[in-house]
Amino acid sequence: MRSRVICVVAGTVAALLVCTSALAHHGAASIYDLSKETTIKATVTEYVWTNPHVEIGISPNGGTTTELLLELGSPPNIRNRGWTSRSVKPGDVVTVTFHPGLRGAKIGVVMKLITADGKELRA
Amino acid sequence: MIRHLVTFSTAAALVAAAACSKPAAAPPAPAHPNLSGSWVRPLGDREVGGLPPVNEIPLTPWAAAKFKAERPAAGENQDFANTTDPSLRYADPNGYPRISLHPMRFKLIQTDDYVYQLWEYNQNWRQIALNVPPDPDPALTWYGNAVGKWEGDTLVVDSVGYKDSTWLDARGLPHTQDLHLVERIHRMGENLAFDVTFEDPGAFTKPWTAHLIFKPAPDGSMTENIYTISDELRFRERFLQQKAAIPIRR
């Protein structure tokens with residue numbers, strides 16, 4: 001029982017740490033639902049290494065046009081977490097977990113992404 | 001040829017003998033602690049301190065009203081879409097000390113005459129002139145006019161001349177152009193501590209202090225990370241469907 005409590009506490013702390021990285025984004029709480037997580041497998045349509053935040057466009061249906069636009073952190077911050085400007089590319093099939101946009105907006109802020117070759121990257 | 005070799009060998013032997021008979025002097029101890037290196041306040045790290053809660057800062061009525069009217073992009077009263085944050089609305093430089101609160105590293109370079117802080121965020125920097133009197137009539141700038149001197153192991157930095165259009169932090173804490181900062185910078189174990197005293201009669205009814213801790217960051221090349229108004233407007237266009245009022249680079 002005690003170990004179960006520890007696991008729950010550890011999980012909560014881990015979740016807070018993940019949320020902390022998401023909260024690095026300006027205005028995150030006013031445009032994303034930080035209480036929700038969505039995980040989908042999708043095809044990358046664009047990957048823009050830019051300020052203020054790196055952008056990933058995806059198509060859950062395997063298309064070539066962006067149906068859902070996701071943001072990451074700023075380039076130096078996510079570089080420190082293992083991302084590079086070539087971590088993904090259009091056409092890659094990835095599994096991505098993100099906080100979805102509020103009010104049904106087709107946007108999200110990435111929490112983690114598993115690349116086509118199985119590498120897990122946290123935002 | 002042989003004569004030259006003999007002469008050279010003799011000279012080399014004399015040098016070696018001199019070196020053996022008199023131990024080399026140890027290099028002089030540095031006059032001050034070395035604060036150089038790369039430093040960061042990691043996001044979410046509770047040990048790194050920060051500015052106090054706003055209700056613990058002695059705001060003047062003017063400052064309290066200005067703070068209440070601001071719409072920051074983070075914190076309790078956040079309104080990202082309609083923010084009044086000058087660093088987002090105009091992509092203005094953060095100013096000081098706000099830029100040091102940003103979770104990106106800075107590099108500190110220490111020389112005998114100056115200490116430089118080079119922030120990775122937006123490639124902004126400030127200089128602290130050592131052992132010179134303060135400028136009696138400093139121009140108002142984003143990062144102020146700073147002079148410093150050593151008091152034992154602590155670098156004491158006195159700065160004025162700050163433009164009043166910046167926020168002291170991302171919450172929207174205001175100041176006037178009479179802002180006067182006194183910073184005591186010192187090593188704290190492997191970390192670097194900044195004890196900052198804020199004086200500004202127009203914004204604060206009395207001086208107050210913040211304690212900032214910076215942790216060692218991976219050194220090496222700094223990344224170019226320049227953020228422009230086009231970047232912000234393009235982001236808003238894509239993520240918020242806000243139409244840009246001016247032409248933007250795409």
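Let's begin at Gly172 of chain B. Leaving aside residues up to four places away in sequence, Gly172(B) touches Phe67(B), Glu70(B), Pro72(B), Asp85(B) and Trp167(B). Keep in mind as you look that this is a predicted model. Gly172(B) sits in the loop between β7 (154-160) and β8 (180-188) of chain B. Is Gly172(B) buried or exposed? Gly172(B) counts as buried, because it has 24 C-beta neighbours inside 10 Å and 20 or more are enough for that label.

**Strands of chain B**

Next, select strand β1 of chain B, residues 37-40. Which strands does it pair with? One is β3 (residues 106-110) of chain B, which runs antiparallel to β1(B) and is joined to it by three bridges. Click on Ser38(B) to find a bridge partner in β3(B), namely Lys107(B). Another partner strand is β10 (residues 208-216) of chain B, also antiparallel to β1(B), with two bridges between them. Here, Trp39(B) has Pro216(B) as its bridge partner in β10(B).

**Two cis peptide bonds**

Stay on chain B and go to Tyr96(B) and Pro97(B), which are joined by a cis peptide bond with omega of about 5 degrees. Pro97(B) is placed in the loop between α3 (86-89) and α4 (98-101) of chain B. Then hop over to chain A, where the peptide bond from Asn51(A) to Pro52(A) is cis, with omega near -5 degrees. You will find Pro52(A) in the loop between β1 (38-48) and β2 (55-59) of chain A.

**Positive phi angles**

Back on chain B, select Gln123(B), which is not a glycine but has a positive phi of about 50 degrees. Gln123(B) belongs to the loop between β4 (114-119) and β5 (125-130) of chain B. Around Gln123(B) there are 13 other C-beta atoms within 10 Å, so this residue is partly exposed. Move along to Asn131(B), another residue other than glycine with a positive phi, here near 60 degrees. Asn131(B) lies in the loop between β5 and β6 (145-151) of chain B. Asn131(B) counts as exposed because it has 10 C-beta neighbours inside 10 Å, and the label applies at 12 or fewer.

**Where the chains meet**

Now show both chains together. How many residues of chain A are in contact with chain B? There are 21 from chain A, in contact with 21 residues of chain B. On the chain A side, the elements that give two or more residues are α1 (2-22), α2 (28-31), β3 (68-71) and α3 (75-79). By class, the chain A side has nine nonpolar, ten polar and two charged residues.

**How confident is the model?**

Finally, colour by pLDDT. Chain B averages 90, and 89% of its residues score at least 70. Over residues 1-20 of chain B the pLDDT is below 50, and this stretch has zero contacts in the model beyond near neighbours in sequence. Chain A averages 84, with 79% of its residues at 70 or above. Residues 1-23 of chain A stay under 50, and the model has 16 contacts for them beyond four places in sequence. Where pLDDT is low, the predicted coordinates should not be read in detail. The model scores ipTM 0.81 and pTM 0.82.

Technical notes. Residues are numbered from 1 along each chain as its sequence is written. Chains are lettered from A and ligands numbered from 1 in the order in which they are written. This is a predicted model: local features need pLDDT of at least 70, side-chain atom pairs count only at pLDDT 80 or more; totals for chains, interfaces and linings use all residues. pLDDT is the predictor's confidence in each residue, from 0 to 100. Two residues are in contact if their C-beta atoms, placed from the backbone, lie within 7 Å. Helices (H or I, at least four residues) and strands (E, at least two) are DSSP runs, numbered from the N terminus. Ala, Val, Leu, Ile, Met, Phe, Trp, Tyr, Cys and Pro count as nonpolar, Asp, Glu, Lys and Arg as charged, and the others, Gly among them, as polar. Two strands pair if DSSP finds at least two bridges between them.
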